[in-house]
Amino acid sequence: MDGHEPDPRFTLANERTFLTWLSTSLAMSAGGIAMAAVPSHIFVDWIKTLLAVVLVVLSAVTAVMAYPRWRRVQRALRRQDPLPPPALAPLFGYGVAGVAVIALLLIVLA
């Protein structure tokens, strides 16, 4: 990479953020698998499948985007540029919140 070597604390913080994105991906994948395993008498099958698919897709997108995000931040640190915004964070936040709200409604209505 071009630019100057950033303070190691910033590089390590960027690495921790990368690992947190991967942990988040694993958690969403586990949530999707758990949602798929919910018995049919609790949630309607097609809604259960939809929620599971949304969580697993969000998991895959998170995992795929974690490394490019790390690279963009590392490049900005080396060039002393402003850090790029986490463009996909709203998608993940709203996606997980949407799944949680629908699941909550289904639980309350069951």
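The structure is a predicted model, in which local features need pLDDT of at least 70 and side-chain atom pairs count only at pLDDT 80 or more, while totals for chains, interfaces and linings use all residues. Residues are numbered from 1 along each chain as its sequence is written, and side-chain values use heavy atoms, with hydrogens and water left out.

**Helix 1 and its cover**

- Helix 1 spans residues 8-36; helices (H or I, at least four residues) and strands (E, at least two) are DSSP runs, numbered from the N terminus.
- Its 29 residues reach 42 Å from the first C-alpha to the last, close to the 42 Å expected at 1.5 Å a residue; the expected span is 1.5 Å times one less than the number of residues.
- Thr 11, a residue of helix 1, is buried because its relative accessible area is 18%.
- The side chain of Thr 11 makes a polar contact of 3.0 Å with the side chain of Gln 74. A polar contact is a pair of N or O atoms within 3.5 Å; within protein, one must be able to donate a hydrogen and the other to accept it, and residues adjacent in sequence count only if both atoms are side-chain atoms.
- Leaving out residues up to four places away in sequence, Thr 11 touches Pro 6, Gln 74 and Leu 77, contact being heavy atoms within 4.5 Å.

**The segment before helix 1**

- Asp 2 belongs to the segment before helix 1 and counts as partly exposed because its relative accessibility is 42%.
- The C-alpha atom of Asp 2 is separated by 7.6 Å from that of Arg 75, although the two residues are 73 residues apart along the chain.
- Apart from neighbours within four places in sequence, Asp 2 is in contact with Arg 78 and Arg 79.

**Salt bridges**

- The structure holds three salt bridges, each defined as a side-chain nitrogen of Lys or Arg within 4 Å of a carboxyl oxygen of Asp or Glu.
- Glu 5 pairs with Arg 78 in a salt bridge whose closest N and O atoms are 2.9 Å apart. This pair links distant parts of the chain, with Glu 5 in the segment before helix 1 and Arg 78 in helix 2, 73 residues apart.
- Asp 7 forms a salt bridge with Arg 9, the closest N and O atoms lying 2.5 Å apart. Asp 7 is partly exposed at 26% relative accessibility, and Arg 9 is exposed, with a relative accessible area of 60%.
- Asp 45 forms a salt bridge with Lys 48, with 3.6 Å between the closest N and O atoms. Both residues lie in helix 2, three residues apart, about one turn of the helix.
- An α-helix has 3.6 residues a turn, so residues three or four places apart point the same way.

**Surroundings of Lys 48**

- Lys 48 counts as buried because its relative accessibility is 9%, while its salt-bridge partner Asp 45 is partly exposed, with a relative accessible area of 43%.
- A polar atom of the Lys 48 side chain lies 2.8 Å from the backbone oxygen of Val 38.
- Not counting residues up to four places away in sequence, Lys 48 touches Met 35, Ala 36, Val 38, Pro 39, Ser 40 and Phe 43.

**Surface and loop**

- Val 101, Leu 104, Leu 105, Val 108 and Leu 109 make a nonpolar surface patch of about 540 Å². Patches are made of residues with over 30% relative accessible area and no salt bridge, like charges being joined within 9 Å and nonpolar side chains (Val, Leu, Ile, Met, Phe, Trp, Tyr) within 5 Å. Accessible areas come from the Shrake-Rupley method with a 1.4 Å probe; for residues, only the protein chains shown count as cover.
- Leu 109, in helix 3, is exposed because its relative accessibility is 70%.
- Gln 80, in the loop between helix 2 and helix 3, has a positive phi of about 60° although it is not a glycine. At 66% relative accessibility, Gln 80 counts as exposed.

Note on methods:
Buried < 20%, exposed > 50% of the residue type's maximum accessible area, 1.4 Å probe, protein only.
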